[in-house]
Each structure stands twice: as structure tokens, then as C-alpha cells.
Amino acid sequence: QVQLAESGGGLVQAGGSLRLSCAASGRTFSSYAMGWFRQAPGKEREFVAARWSSSITYYADSVKGRFTISRDNAKNTVYLQMNSLKPEDTAVYYCAADPVWPINYASRYSYQYWGQGTQVTVSL
């Protein structure tokens with residue numbers, strides 16, 4: 001069983017930066033595939049980024065070049081560094097985990113474990 005808890009959300013101005021954290025429990029965390037998703041009001045939950053190993057990362061086109069996903073296995077924590085934030089980035093951000101790397105890594109249905117989310121608001 002893996003439990004996830006997001007933190008680090010808040011209110012920032014457009015062009016600013018924010019770093020989200022996802023603290024995870026479980027002795028097998030280091031072997032899990034990790035992902036970040038977000039959901040804006042009235043919209044479906046969408047893929048943001050995923051990481052399987054130190055060399056394998058994927059990003060949605062909308063955040064490519066601005067966001068970076070990383071992990072610290074010693075701290076059982078996954079991070080999402082968000083730079084050059086835009087109002088369109090406003091959403092609740094969720095971290096997700098799965099014990100098997102999914103081929104369809106961008107699908108919300110590919111991840112077994114989820115956190116409760118943290119709010120990110122980007123103002124003009």
C-alpha cells in the first residue's frame with residue numbers, strides 16, 4: 001500500500017515559480033512510476049508529467065520546457081518544479097503512482113494510487 005500527500009501549492013503571479021512536493025509512504029516507492037496530473041474547475045483531469053527513472057521523463061506539450069519532474073528516493077518524495085507559470089496553469093495538482101510502468105503513462109486510469117491534491121492559482 002502506498003499513500004501520497006501533495007504540498008507546496010499557493011498563489012503566484014504569472015511568470016513566477018512554484019515547487020510542488022509529493023511525499024509517499026511504502027518501502028517500494030523507489031521502484032514505482034510517478035506522475036503529476038491537474039484538474040481545473042469544470043474540466044477533466046489532465047496529464048502533466050511522469051517519471052520512471054532518472055533518465056525517463058515525459059511532459060505534456062503545454063508544460064514542456066517550463067515544468068520539471070524529479071524524485072528523491074532517500075526522502076520518498078517526488079517534486080514538480082513549475083517555472084514561467086501562466087494563468088492557464090491554475091488547477092488542483094495531483095500526484096499519482098503505480099507499481100508498474102504504464103505504456104499509457106498519460107492516462108489517469110493507468111495509476112493506482114493518488115494524493116488528495118494541492119491548489120495552484122496563477123494570477124495575471
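Start with the rule for ring pairs: rings of Phe, Tyr and Trp (its six-membered ring) pair if their centres lie within 6.5 Å; planes under 30 degrees apart count as stacked, over 60 as edge-to-face and the rest as tilted. The model is predicted, so local features need pLDDT of at least 70 and side-chain atom pairs pLDDT 80 or more, while totals for chains, interfaces and linings use all residues. Residues are numbered from 1 along each chain as its sequence is written, and side-chain values use heavy atoms, with hydrogens and water left out.

**The cluster.** Select Phe37, Phe47, Trp52, Tyr58, Trp101, Tyr105, Tyr111 and Trp114; ring pairs link them into a cluster.

**First pair.** The pair rule gives a count of 10 aromatic pairs. Zoom in on Phe37 and Phe47, an edge-to-face pair with centres 5.7 Å apart and 75° between the planes. Phe37 is in strand β4 (residues 33–39) and Phe47 in strand β5 (residues 46–53), 10 residues apart. Strands here are DSSP runs (E, at least two residues), numbered from the N terminus.

**Next pair.** Tyr111 sits in the loop between β9 (91–98) and β10 (113–114), 74 residues from Phe37.

**Burial.** Buried means under 20% relative accessible area (1.4 Å probe, protein chains only). Why does Phe37 count as buried? Because its relative accessibility is 0%. Phe47 counts as buried at 11%. Tyr111 is buried too.

**Last stop: Arg45.** A charge sits over a ring if NZ of Lys or CZ of Arg is within 6 Å of the ring centre and within 35 degrees of the ring normal. Arg45 lies over the face of Tyr94, 3.7 Å from the ring centre. Arg45 also lies over the face of Trp114, at 5.1 Å.

Key:
Helix = DSSP H or I, 4+ residues; strand = E, 2+ residues; numbered from the N terminus. Buried < 20%, exposed > 50% of the residue type's maximum accessible area, 1.4 Å probe, protein only.
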